[in-house]
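Okay, thanks for coming, everyone. Let me put the structure up and then walk you through a few spots.

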Amino acid sequence: MSSQQQLKSEASTGAYGLTGGKGLIDPEGGIVYAERNANDWARDWAAARARAGAVGPPDSIGPFGLLCFGMTTCMLMFVVTEWASGAFIPMVIAYALMYGGLGQLLAGILEIIKGNTFAGTAFSSYGCFWLGWAVIEYISIVNKADGINIVGGFPGATGPNFTGKSLWFGLWGILTSGFFVVTLRKNGCLQTIFGTLLVTFFLLAGSSYQPLCGQAAGYIGFFCGSSAIYAALAMLYKSELGWILPGMRSCNYI
């Protein structure tokens, strides 16, 4: 039996619990599905295609987006923790533009097209964050080379408090807190990533007033980036090898 014949047979015999109701038709094979709701249909269709040998795991975009975020975050935290000197910043800027920025934005757009609202919104937002950060740092470096005094990487900032910088980080911390609420119905990996990220943003906001906050933000931010890399590999192993690593099981806390 061919893959397409197997797919039709499974769908028509109710192999995935499709019985009665209004039908949905697959344009490729003319398969009629009974409509329960969109999520049920998507799950059943993905299972049927997997049985028939079709290509395209449902989590094919997530690992890439998480790696874009995690790798770039770890690179920046090398400097924040002072494991690397400020001379490493140009390398971080380059990767913030291409990997953490454009790469993550592309992952977000693909997730939105796929219908994954949360992943699409998060990836796109943090991709734009990295693009904006890279532009700010580049402007700062250019202005310093021209002899313009830039305080804390922000033109026009004066005094020891850098209020604008603190508000900027604080605003991203608030946004991340909103994302964290959604992860309470996702899995432990995402809860760890967004939980440590919101702490990192608020510590960075406080670093303008207390340098030790910046040092702490570096270590927690590095853990956040490492958690994203772990989650990406865990998703990859689940899709390709069928392994379910710790933190990948679904949970529902709210």
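One definition before the tour: buried means under 20% relative accessible area, exposed means over 50%, and partly exposed is in between, with a 1.4 Å probe and protein chains only. This is a predicted model, so local features need pLDDT of at least 70 and side-chain atom pairs count only at pLDDT 80 or more, while totals for chains, interfaces and linings use all residues. Residues are numbered from 1 along each chain as its sequence is written, and side-chain values use heavy atoms, with hydrogens and water left out.

Start with lysine 114, which is partly exposed at 41% relative accessible area. Lysine 114 makes a salt bridge with glutamate 111, and the closest N and O atoms are 3.5 Å apart. By salt bridge I mean a side-chain nitrogen of Lys or Arg within 4 Å of a carboxyl oxygen of Asp or Glu. The count comes to 1. The two residues sit 3 apart in helix 4, so about one helical turn separates them. And glutamate 111? Buried or exposed? Glutamate 111 counts as buried, because its relative accessibility is 2%.

Now the whole chain. We have 8 helices and 2 strands; these are DSSP runs, H or I of at least four residues for helices and E of at least two for strands, numbered from the N terminus. The order is α-β-β-α-α-α-α-α-α-α. Of the 254 residues, 41% are buried.

On to the inside. The largest nonpolar core has 41 residues, and Phe69, Tyr126, Trp133, Ile193 and Phe194 have the most contacts inside it. Helices 3 to 8 each give two or more residues to this core. A core here is a set of buried Ala, Val, Leu, Ile, Met, Phe, Trp, Tyr and Cys residues joined through side-chain atoms within 4.5 Å. Leaving aside neighbours within four places in sequence, tyrosine 126 is in contact (heavy atoms within 4.5 Å) with residues including Phe69, Trp172, Phe194 and Phe201.

Last stop, threonine 81, in the loop between helix 3 and helix 4. Which residues does threonine 81 contact, leaving aside its neighbours within four places in sequence? Those are Gln215, Gly218 and Tyr219. Threonine 81 counts as buried because its relative accessibility is 2%. A polar atom of its side chain lies 3.4 Å from the backbone oxygen of phenylalanine 78.

Note on methods. Polar contact = N/O pair within 3.5 Å; in protein donor to acceptor, adjacent residues only side chain to side chain.
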